[in-house]
Amino acid sequence: MSIQNDNLLNNEGEFQYKGHSFYILYPNSTKTIEQLTEYEVILIFASHPEFASFTIRKLRGYKDPQMYLKPIYFLKPSNDSNNYLNTISDGTIYNLSQLDALIPSIEEILTTNSKVYINNTISYESELIMKMLSFNFTRGRKQINPIPYMLSAINFCYPGLSSSFGYTEENKVFEILDLAESEGLISSSFYDKTHYCSKCNNGALYYRSVCPKCSSSNSETEDIVHHFRCGYVGPISDYKNEIDDSLFCPKCNKNLRHIGVDYDKPSALHTCNSCSNKFQDFEVKAKCMNCEYDNEIEYLIEKEIKKYTITNKGESAILYGYVAMQKEIEEIIGTVKFELFNKMTKFEIERMKYSKHQSFVALLNLKNTNELITKVGRSHQRELIKDIIMTVRNSIKPFDIISFRSLSTFVFSINEENEETALKTVYELSNLLNFLITDNVPDFDAKFEFDFLVLNTHEHYKKQLDRLIQNYE
Amino acid sequence: MFEFIEEFIAFIRSLTVEHFVRLFWFFIFFEMIRYIILEFVILLTNTITNKLKAKDFTEAERLFRFDNPFLSIIVPGKNEGENLFKLINSLKEQTYTNFEIIVVDDGSDDETPTIGRKLEKLGLIKHFIRNEIRGGKASAANLALRFAKGKYVIHLDADCSFDNDAIEKIIIPFYLDDRIGAVGGNVAVRNYKESLVTTMQAIEYYDTISISRIVSSKLGIYRVISGAFGAFKKEALDSIKGWDIGPGLDGDLTVKIRKLGYKIEFAAEAMCLTNAPNTLKKLTKQRLRWDKSLVRFRMRKHKNIFYPNKSFNFSNFISLFENITYGFVLNIKWVFYVVDMWFNNASQIEFIFVTNVILYTVANYFKFIVFSLFRTRKNAPISYFLIYIPAVVFYFGYYLRSVRIFAHFQEIFFKTSYNDPWNPKKTSRFAKDNNM
């Protein structure tokens, strides 16, 4: 059964097989990643390696666990292998007749996925840590080994983690790994050492033997010849004549016939064709293929690459949630846990039934949170969140409450207000936050979305809130 | 003891002038006339003429400053890494700075390559050239010469340090006379306090280098530019294609330059300090090597200086003649003197010995104190050495002389300099076959 003639397929590449929904992702597919979450299994049609590489990394790097934990396989017309891509996929088949063989592994992954405790966190780092832990855990891997990968900016990729970063920010994986280790979720041991560009931290370096004076690699090499008889020493060109290949000493005019008896070659000399410098030892420089900076070897950034093992605490976090996340939320002064926000909304609806006033729940979502976090860095992230909360807090009444749904989304109540004022508050607030972020993070264009829920008394509070946040999960 | 003293006084009293001359002819005719009277006269003359020629020196200095010549300082050596940094520091302090430093590592088996490369990378030396296979000091110096770009080439030993004006002081004499092809620097012992052996050598260097070279230079017979500190016209070195195989290559090179018709000068004020061998064993080894070179180079390789052919040069003839006379013939003559005394004055031999010691000691005190007046640059107080002067007679008269006789004997009959591990066998073999 070839892929093309497979009668299981409809035009869209989706099909059901043995109780599971599959989707074959072709290069010309029009589906969005969000739409792909509907399927239980994704098959990437990997006829083009670039497409396969890009797609698997994109899917595994997606923020939604429904996607990054999903069983994803390559459907390849030929057998070519890439260790990293194979590791972050769940396997490869060469035609759909091999689907049967996949079913046990699909079911095992789906079963294990269902055991993973998914909760939202305000911390970008926590989100990534949980992603890495849960991905490897659901694939039966307790060890998280770095895998050499040519297209990686740091030369190695960590399954479940590296895909979340773009090429230029890939070195941030080390911060995440260090943080996870400091939290006791993983333990490390030595794997290798590698070097990165001192200017841009990139690992794609090529080593060049260059002139120590002008760094040109354009040079010629000549042997130095020592004539024993008279002690003359000079480059071999001193001894050559224009008539034949014989060597004659320029000092005593004797013929040099026998190496080791008449003469030897104690060293060699290089002449730079660019600056005419004469030297014996090339300087080795490492040119960065990313920023083109010519690094001196001794100033390269040396980095120890570690392999990691998920600890018992790490496993516990995967299965029962990461305690530190709740703690982190509680530590943000001026906010409440989302569960509490739910309850308060319920009480507000009850209150509305008696006082006949209008209340609202507003939602603000920063679409490019990851970009922002990358720009401000981990150390300033919490400060920025505090500033945002402070700004929101100053714009709403003291009895209104704020809660984080996730790192990029937070909700707040606007109670006992008319709709026009509530809308104006949200609009002004989004402008204010935009200004705040632009002021603090130059060259960053914040993309805020806001949404607005008019609370009603006849519908269950949970349904109302779910309707509000469903598009921002 | 008292009896001996009484007899000794009686011996002295009994001496007539004729008898005194008969018993101490060696001291009177060879040592006193050459090394005290002649040297004193020359030093005095030199001082006067220097004063009279002060304008010439000023003009030479002006020409030097105007010309601002580029110099190549070459430092060949093996396992000299630990000395390089101190040497470079000493050169960094120089008042004259228009020079390049070329270090050639002759197959070192220590950290020299690492240190040299580091210095090169830091820009403290222009070239660090390493020969993986040792070729001998001459080959290392020649390789450095091949890359030298300077108008003048200064050859240094890596274990030396220099007065901060030493480089300009050694170059200025070239501007006194265009015929000057090489200038020797003054060398003194840095570690003179380390042992009695080094103290003796410090006194020796004051005499044989600081003083004797002023004299020989004045007489036009200066013949050995020390490898520790010597400056050469690049064109002169190029003409003779650099150094020939050693040991003794410094003196050999000087004679070769003389043969080209160049004059050789000594720059007493261009001061270099070096570490002298600190044990008798090391010193003996060094001196055997040095002393053999008189036979090998003066009497064997450059014997044609004595030939009355068209390239005959009188000052070269005198230079070598004096060297062979005082370095070789009189050494033998001294043996004759001892034999003469032993057989003809056996009953008075102990008095003759003591008298000789007294004569030499008095002469040495006189020389050391009076000649110090002619030394413009001293690296140690004269008073430090006064207590050691009585030992000088034994050092010069017996130890050095014995070593010299032994070295000459070995070289004349066995050509042992060609077996000296100081030079690799592969090159010494050729030198021996070709009487080089």
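Let's start with a salt bridge inside chain A. Asp223(A) pairs with Lys265(A), and their closest N and O atoms are 3.5 Å apart. Asp223(A) sits in strand β11, residues 219–227 of chain A, while Lys265(A) sits in strand β15, residues 263–272 of that chain. The pair therefore ties together parts that are 42 residues apart in sequence. Keep in mind that this is a predicted model. Over all chains, the structure holds 49 salt bridges.

Now the interface. How many salt bridges does the rule find across the interface of chain B and chain A? Seven. Here is one salt bridge with its distance: the side chains of Asp238(A) and Arg146(B) meet at 2.4 Å, N to O.

An interface's size is often given as the accessible area lost when the parts come together. Between them, chain B and chain A bury about 2,200 Å². Carbon and sulfur atoms account for 55% of that. Which three residues supply more of chain B's buried area than any other three? Arg146(B), Lys241(B) and Phe430(B), with 24% of the area that chain B buries against chain A. In residue terms, the contact takes 29 from chain B and 27 from chain A.

On to helix packing. Two packed helices are described by the angle between their axes and the distance between the axes. I have two pairs to show.

Helix α6, residues 124–138, packs with helix α7, residues 173–182, at an angle of about 80 degrees. Their axes are 10 Å apart. An angle from 65 to 115 degrees counts as roughly perpendicular, so that is what α6(A) and α7(A) are to each other. Who meets whom? From α6(A) we have Glu125(A), Leu128(A), Ile129(A) and Met132(A). Facing them in α7(A) are Ile176(A), Leu177(A), Leu179(A) and Ala180(A). By class, this contact has seven nonpolar residues, one charged and no polar.

The second pair is in chain B. Helix α11, residues 249–259, and helix α13, residues 314–344, pack at about 160 degrees, with axes 10 Å apart. Anything over 145 degrees counts as roughly antiparallel, so α11(B) and α13(B) fall in that group. The crossing of α11(B) past α13(B) is left-handed. Val255(B), Arg258(B) and Lys259(B) come from α11(B). They meet Ser315(B), Asn316(B), Ser319(B) and Leu320(B) of α13(B). By class, that contact has two nonpolar, three polar and two charged residues.

How values were computed
Residues are numbered from 1 along each chain as its sequence is written. Chains are lettered from A and ligands numbered from 1 in the order in which they are written. This is a predicted model: local features need pLDDT of at least 70, side-chain atom pairs count only at pLDDT 80 or more; totals for chains, interfaces and linings use all residues. Side-chain values use heavy atoms; hydrogens and water are left out. Axes are lines fitted to C-alpha atoms, for helices over the stretch in contact, and angles run from 0 to 180 degrees between N-to-C directions. Helices (H or I, at least four residues) and strands (E, at least two) are DSSP runs, numbered from the N terminus. Angles under 35 degrees count as roughly parallel, over 145 as roughly antiparallel, 65 to 115 as roughly perpendicular and the rest as oblique. A crossing is left-handed if the near helix is turned anticlockwise from the far one by less than a right angle, and right-handed if clockwise. Contact means heavy atoms within 4.5 Å. Ala, Val, Leu, Ile, Met, Phe, Trp, Tyr, Cys and Pro count as nonpolar, Asp, Glu, Lys and Arg as charged, and the others, Gly among them, as polar. Buried area is the accessible area (1.4 Å probe) that two parts lose on being put together, summed over both. A salt bridge is a side-chain nitrogen of Lys or Arg within 4 Å of a carboxyl oxygen of Asp or Glu.
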